[in-house]
Amino acid sequence: MDSVLRGLRAYWEFSRTDASLPLSENLFLSDLVDEMPHVVLAYQDRQRFQVEFAGEAAADLLGGNPIGATTAPKGGLPPAVARCIRRSAEDREPVLSTAAGIRIICLPFGGAGGEVELVLAGLAEVTVLQNSGTVVSLMR
């Protein structure tokens with residue numbers, strides 16, 4: 001997993017302490033300065049989630065600024081990202097996904113009543129290892 005996505009997962013784990021979900025009111029973006037370019041914040045809006053923030057790297061990976069896009073069918077988010085957000089909210093657990101060269105982690109944050117209020121999604125480009133051309137024989 002990409003270091004940015006690992007950092008987001010570690011922040012989520014640290015933030016939840018003994019609770020099953022970390023509280024959205026305890027999400028401090030100032031703690032995520034290095035990760036913010038890769039972050040998408042989707043807030044619960046009726047039966048869907050709507051993007052209210054997208055970092056520059058995340059927006060580039062999504063092909064443009066997704067602010068206002070929703071997890072609804074034809075809501076403007078790539079299907080894999082929308083599914084990741086919805087599944088994370090439903091399962092109340094982190095979800096990892098990949099699609100079209102993008103690795104995605106979705107992390108749910110809850111409200112005081114225990115409902116999922118927002119999902120923090122981290123996006124990173126899948127890196128492809130280049131073949132060095134070296135052949136190693138494993139036979140004696």
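A nonpolar core is a set of buried Ala, Val, Leu, Ile, Met, Phe, Trp, Tyr and Cys residues joined through side-chain atoms within 4.5 Å. This structure is a predicted model, and its largest nonpolar core has 40 residues. Two of these residues, Leu8 and Leu120, touch the most other members. Keep both in view while we walk through the chain.

Start with the outline. The protein chain has 3 helices and 5 strands. Read from the N terminus, the elements follow the order α-β-β-α-α-β-β-β. The C-alpha atoms fill a box of roughly 65 × 35 × 25 Å along the principal axes. Of the 140 residues, 41% count as buried. The accessible surface comes to about 8,300 Å². Carbon and sulfur atoms hold 51% of that surface.

Next, look at contacts and charges. Take the contacts with a separation of 6 or more: 42% of them join residues 24 or more positions apart. The chain carries 12 positive and 17 negative side chains. The centres of these two sets lie 11 Å apart.

Now return to the core. Leu8 and Leu120 touch the most other members of this 40-residue set. Which elements give two or more residues to this core? They are α1 (3–16), β1 (39–45), β2 (48–54), α3 (79–91), β4 (102–110) and β5 (116–125). The largest share, 7 residues, comes from β5.

Set aside its neighbours within four places in sequence. Leu8 is then in contact with Leu32, Glu35, Val39, Ile105, Leu107, Leu120 and Gly122.

What does β5 pair with? One partner is β1, joined to β5 in the antiparallel sense over 5 bridges. Tyr43 stands opposite Leu118 of β5. Another partner is β4, which runs antiparallel to β5 and is joined to it by 9 bridges. Here Ile102 stands opposite Glu125 of β5.

β4 and β5 also form a hairpin, with 5 residues between them. Gly114 sits in the turn and has a positive phi of about 95 degrees. Glu115 is found in the loop between β4 and β5 as well. Is Glu115 buried or partly exposed? Glu115 is partly exposed, because its relative accessible area is 38%. Beyond the residues up to four places away in sequence, Glu115 touches Arg92, Phe109 and Gly110. Asn26 is 89 residues from Glu115 along the chain, and their C-alpha atoms are separated by 15 Å.

Finally, turn to another loop. Thr71 lies between α2 (56–61) and α3. Is Thr71 buried or exposed? Thr71 counts as buried because its relative accessible area is 3%, and the cut-off for buried is under 20%. What does Thr71 touch, leaving aside its neighbours within four places in sequence? Its contacts are Arg48, Phe49, Leu77, Ala82, Ile85 and Arg86.

Thr71, in the loop between α2 and α3, is buried. Glu115, in the loop between β4 and β5, is partly exposed.

Key:
Residues numbered from 1 in each chain as written. Predicted model: local features only at pLDDT ≥ 70, side-chain atom pairs only at ≥ 80, totals over all residues. Heavy atoms only, no water. Buried < 20%, exposed > 50% of the residue type's maximum accessible area, 1.4 Å probe, protein only. Contact = heavy atoms within 4.5 Å. Areas by Shrake-Rupley, 256 points an atom, 1.4 Å probe, with all protein chains shown as cover. Lys, Arg positive; Asp, Glu negative; His and termini not counted. Charge placed at Lys NZ, Arg CZ, Asp CG, Glu CD. Pairing = 2+ DSSP bridges.
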